[in-house]
Amino acid sequence: SATKETLGFQTEVKQLLQLMIHSLYSNKEIFLRELVSNASDACDKLRFEALNNADLYGDDGELKIRIRADKEARTLTISDNGIGLSREDAIEHLGTIAKSGTREFFSALTGDQAKDAHLIGQFGVGFYSSFIVADRVTVVSRRAGLAANEAVKWESAGEGDFSVEATEKATRGTDVILHLREGDDEFLSGWKLRQVIRKYSDHITLPILMNKEEWDQEKGEQVVRDEEETVNQASALWARPKSEITDEQYKEFYKHVSHDFQEPLAYVHARVEGKQEYTQLLYVPAHAPFDLWDRNARHGVKLYVKRVFIMDDAEQLMPLYLRFVRGIVDSANLPLNVSREILQESKDIEAIRGGCVKKVLGLLEGLADSDDAAEKEKYATFWKEFGRVLKEGVGEDFANKDRIAKLLRFASTNADTADETVSLADYVSRMKEGQEKIYYVTAETFTAAKNSPHLEIFRKKGIEVLLLSDRVDEWVTGSLTEFDGKPLQSVAKGGVDLGALEDEAEKEEVAKAADEYKELVDKIKTALGDKVKDVRVTLRLTDSPSCLVSDEHDVGGNLSRILKAAGQ
Ligand code: ADP
Ligand code: MG
C-alpha cells in the first residue's frame with residue numbers, strides 16, 4: 001500500500017541501537033565504511049542479477065557510489081545505483097537483524113567499548129551504525145526493475161520504531177540520508193570524508209565520487225563545485241602486484257571481506273597460472289567467530305570471476321575444516337554465469353580448492369615452523385582459536401593428512417599441563433630408546449586424562465603420553481593411525497605391549513603373578529560374568545588396584561561414552 005506505516009524494530013535491533021549510540025562514539029567514523037560497503041554490496045548484487053537479466057541496468061550501466069554533504073541541511077548522503085530495496089526489502093532488512101547467532105552476540109557483549117565494537121563488526125550489523133552520528137536516518141530507495149513511483153522511503157530516529165511509505169525516485173538504487181547529530185559536523189567536511197574513505201574504502205572496486213572543492217579567495221572559504229571526482233583508488237586490491245600493496249591495505253581489505261574489526265592473524269596472496277588461472281587472497285582470522293561450530297554457518301571465501309563478484313560463502317572453495325578462512329578467489333576461467341549447482345560438479349573448482357587448501361596449510365606451516373618468536377606465538381593463538389576445527393581435517397582430507405598431522409598440537413605428560421603445545425614431531429624426538437609407538441590416552445576432560453590409572457606404568461618408566469580430551473580427538477585417533485612410521489597406540493586398549501621397553505624380569509614377574517593369583521582372577525571373572533570379556537593380571541598399574549581396558553579392536557571407553565551421549 002502507498003500509505004505510511006509505522007513499525008517497531010525487532011527487540012535485538014533496539015538493544016543494538018542503544019549500544020551503538022551509547023558506546024561506540026569513540027570510533028564514530030566506522031559508519032561510513034559500513035554504508036559504503038553496503039552500497040558496494042548492492043552494486044555487486046545488481047551485477048549478479050543482471051547476468052541473467054541485462055534489462056535491469058536500464059540506461060544506467062555505470063555502477064558507482066556518491067557521497068554528498070549538505071552543510072546547510074546538515075545532512076550527509078551516501079548514494080548508489082545498485083540493486084535497491086523494495087518496500088518489503090526495506091521492512092525486512094532495515095528492521096531486523098536477519099542473522100543467526102544474535103543471542104550469542106548479546107551474551108558476548110562485555111561492556112568494554114573497544115571489544116564490543118569488534119563484536120559488532122563480526123555480526124555485520126553495519127547499517128545501524130548510521131545512528132552513531134545521525135539522530136534521524138532517511139533511506140530512499142528504488143529496486144532495480146521497479147518503476148519510479150514504486151520507490152520507498154524508510155525513516156527512523158533510531159529509537160523504538162521506523163516508518164515506511166511510498167515515494168517517487170527518478171533513478172535506480174539507494175540514498176541513505178544521515179541527519180547528523182549536534183556536534184558531528186566534522187562529517188560535513190570534504191577533507192574529513194576523503195580521509196575516512198581513503199582509510200577504509202580505498203579497495204572498493206567501484207568509484208566513490210564526491211564533488212570537487214576549492215578555496216574561494218574572495219569568500220575566504222572552501223566552496224563546493226558541481227564537478228565530481230573519484231576519491232578512492234577503485235581497483236581490486238588483489239589484482240594489483242603484491243609489491244604495490246601495503247600491509248595496512250591488506251588488513252583493511254580483510255576487515256571489509258570478513259566483517260571483522262580485528263586485524264587478521266596472517267594472510268597469503270598469490271596468483272596461480274597454468275591450466276587454472278586464478279588469484280587468491282586468503283586470511284586466517286585472529287579469533288574464532290561465534291558460529292564456528294555451526295556447520296551451516298557462512299563460509300568466508302567470496303568468488304569473483306575476472307574481478308566481477310559472483311557469490312559470497314562459496315563453500316566449494318574451502319573444505320569444512322578450513323571454514324574459518326576468509327578472503328577471495330578470482331578465477332579467470334570460470335564462466336560469469338556460474339551457479340552454486342555448477343560449482344558443486346566443477347572440476348575447475350576442485351582444482352582451485354586444492355590449490356587454496358595447499359596455500360592455507362603452507363601459511364600455517366610458515367607460522368608453526370618459524371624461528372621468529374612472534375610468528376610462533378601467532379601459531380599458538382591460531383591453535384587456541386581454531387585447533388579443534390583443524391583436527392577435523394585429519395579425517396576429512398586424506399590427501400593432506402600428513403601435513404595436517406604435523407600441524408596438530410597436544411597436551412602431554414611431558415609438561416603435564418592442559419596447554420596444547422606438543423607436536424607429534426616433538427613427541428617423536430623425545431621417544432625413549434626402544435619405544436616404537438606414540439602413546440595417548442583419551443578422556444572426557446583434561447583432568448580425567450591426566451589422572452587416568454592407565455598412565456601409571458608410563459609415568460613410572462618416564463614414557464611420554466599424549467593427553468587427549470577434545471571430543472574430536474576420538475576421530476583424530478580413529479583416522480590417524482601412524483605418524484612418521486610410528487603407530488599411535490591408546491594406553492587404554494589391549495594388553496599394553498611395551499615391546500622393547502619391557503624387561504625380561506618384568507615379563508617373568510607378570511607370569512608369576514598370573515599363576516599366583518589365578519584363583520582370585522577366576523573368582524572375579526565369575527562375579528562379573530558377561531559384563532567383562534576378560535580379567536588379567538597386569539603390570540600397567542603401580543598405585544591403583546584395577547582399571548578397565550578395551551580390547552585392541554573395540555570402541556574405547558571414552559568414545560563409547562560420547563556415542564552414548566549422542567544417543568547411538
Ligand atoms: P550486511 O551488510 O552485513 O548484510 P547491514 O546491516 O550492513 O548488514 O545491512 C543490512 C541489509 O540491508 C543488507 O543485507 C541489505 O539487504 C540491506 N541494505 C543496506 N544498505 C543497502 C543499500 N545501499 N542497497 C540495498 N540494500 C541495502
Ligand atoms: Mg553491511
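These are my notebook entries on a predicted model of a protein.

**Ground rules.** I count residues from 1 along each chain as its sequence is written, and chains are lettered from A and ligands numbered from 1 in the order in which they are written. Because the model is predicted, I use local features only at pLDDT of at least 70 and side-chain atom pairs only at pLDDT 80 or more, while totals for chains, interfaces and linings use all residues.

**Confidence.** I looked up pLDDT, the predictor's confidence in each residue, from 0 to 100. The protein's mean is 87, and 89% of its residues reach 70 or more. For the complex, the predictor gives an ipTM of 0.99 and a pTM of 0.69.

**Overall.** I found 18 helices and 19 strands. These are DSSP runs, numbered from the N terminus: helices are H or I with at least four residues, strands are E with at least two. Of the 568 residues, 35% are buried (20 or more other C-beta atoms within 10 Å of the residue's own; exposed means 12 or fewer, partly exposed in between; C-beta atoms are placed from the backbone).

**E168.** I found E168 in the loop between strand 6 (161-167) and strand 7 (173-180). E168 counts as exposed because it has 12 C-beta neighbours inside 10 Å. Leaving aside neighbours within four places in sequence, E168 contacts A148, N149 and A151 (C-beta atoms, placed from the backbone, within 7 Å).

I then checked strand 12 (residues 300-305) and strand 13 (residues 308-311), which pair antiparallel over three bridges. Pairing needs at least two bridges found by DSSP. V305 has V308 as its bridge partner. Two residues lie between the strands of this hairpin, and K306 in the turn has a positive phi of about 45°.

Definitions and conventions:
Contact = placed C-beta atoms within 7 Å.
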